[in-house]
Amino acid sequence: MGLLTQLVTLPLAPVRGVAWVMDRVIEAAEDEYYDPAPVHRALAELERQLLAGDIDEETFDRREDELLDRLEEIQAYQRGEL
């Protein structure tokens with residue numbers, strides 16, 4: 001960018017700064033949302049609950065299906081399909 005362009009667009013600097021910060025916030029939120037580690041931990045905890053007798057087979061199957069669907073969504077995002 002030339003000096004003249006920088007001077008002319010100087011009043012827009014705060015807007016560009018806010019846009020940059022919003023991009024970083026969105027990026028961090030997506031990284032957290034599409035992190036498979038919490039899903040894997042939830043699956044392990046679910047299995048622990050089933051083996052301990054805290055939940056029945058039907059509850060386990062329903063919740064496991066939900067978690068596996070979530071894991072598929074994460075994998076599709078990571079492949080760039082979403």
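Reader: Which residues are buried in H4?

Author: This is a predicted model, so take everything as computed. In H4, the buried residues are Phe60, Leu67, Arg70, Leu71, Ile74 and Ala76.

Reader: And what covers the buried residues of H4?

Author: The cover includes helix H2, residues 13–33. Helix H3, residues 37–52, is also part of it.

Reader: How far apart are the end C-alpha atoms of H4, and what should the helix span?

Author: The ends are 31 Å apart. H4 covers residues 57–78, so 22 residues at 1.5 Å each should span 32 Å, and the two values agree.

Reader: What about Glu57, where is that?

Author: Glu57 is in helix H4. Its relative accessibility is 47%, so Glu57 counts as partly exposed. From Glu57 to Leu67 is 10 residues along the chain, and their C-alpha atoms are separated by 15 Å.

Reader: What follows H4?

Author: Gly80 comes after H4, and its phi is positive, near 85°.

Reader: Back to the inside. Which residues make up the largest nonpolar core?

Author: It has 9 residues in all: Tyr34, Val39, Leu43, Leu46, Ile55, Phe60, Leu67, Leu71 and Ile74. H3 and H4 each supply at least two residues of this core. The largest share is from H4, with 4 residues.

Reader: Take Val39. What is it in contact with, leaving aside neighbours within four places in sequence?

Author: Val39 is in contact with Leu67, Arg70, Leu71 and Ile74. Leu67, Leu71 and Ile74 are core members along with Val39.

Reader: Arg70 keeps turning up. Is it buried or exposed?

Author: Arg70 counts as buried, because its relative accessibility is 17% and the cut-off for buried is under 20%. Arg70 is found in helix H4.

Reader: What does Arg70 touch, not counting residues up to four places away in sequence?

Author: Arg70 touches Tyr33, Tyr34 and Val39.

Reader: Where does the charged end of Arg70 sit?

Author: The charged end of Arg70 is over the ring of Tyr33, 3.8 Å from the ring centre.

Reader: On to the rings, then. How many aromatic pairs are there?

Author: The count comes to 2 aromatic pairs. One is Tyr33 with Tyr34: their ring centres are 4.9 Å apart and their planes are at 85°, so this pair is edge-to-face.

Reader: And what about the rings of Tyr34 and Tyr77?

Author: Those two are stacked, because the planes are at 5° and the centres are 3.7 Å apart.

Reader: Which parts does that pair tie together?

Author: Tyr34 lies in the loop between H2 and H3, while Tyr77 is in helix H4, so the pair links parts that are 43 residues apart in sequence.

Reader: Which tyrosines form one aromatic cluster?

Author: Tyr33, Tyr34 and Tyr77 form it.

Reader: How accessible is each of them? Start with Tyr34, buried or exposed?

Author: Tyr34 is buried, with a relative accessible area of 16%. Tyr33 is at 44% relative accessibility, so it counts as partly exposed. Tyr77 is at 27%, so it also counts as partly exposed.

Reader: Now zoom out. How many helices and strands are there in the protein?

Author: There are 4 helices and 0 strands. From the N terminus on, the elements run α-α-α-α.

Reader: What radius of gyration does the protein have?

Author: The protein has 22 Å, but a compact globule of 82 residues would have a value near 12 Å.

Reader: And what box do the C-alpha atoms fill?

Author: Roughly 70 × 25 × 15 Å, taken along the principal axes.

Reader: How much of the protein counts as buried?

Author: Of its 82 residues, 15% count as buried.

Reader: Last one. Among contacts between residues at least 6 apart in sequence, how many join residues at least 24 apart?

Author: The share is 61%. The residues joined in those contacts are at least 24 apart in sequence.

Definitions and conventions: Residues are numbered from 1 along each chain as its sequence is written. This is a predicted model: local features need pLDDT of at least 70, side-chain atom pairs count only at pLDDT 80 or more; totals for chains, interfaces and linings use all residues. Side-chain values use heavy atoms; hydrogens and water are left out. The expected span of a helix is 1.5 Å times one less than its number of residues. Buried means under 20% relative accessible area, exposed over 50%, partly exposed in between (1.4 Å probe, protein chains only). Contact means heavy atoms within 4.5 Å. Rings of Phe, Tyr and Trp (its six-membered ring) pair if their centres lie within 6.5 Å; planes under 30 degrees apart count as stacked, over 60 as edge-to-face and the rest as tilted. A charge sits over a ring if NZ of Lys or CZ of Arg is within 6 Å of the ring centre and within 35 degrees of the ring normal. A nonpolar core is a set of buried Ala, Val, Leu, Ile, Met, Phe, Trp, Tyr and Cys residues joined through side-chain atoms within 4.5 Å. The radius of gyration is taken over C-alpha atoms; the globule rule is 2.2 Å times the number of residues to the power 0.38.
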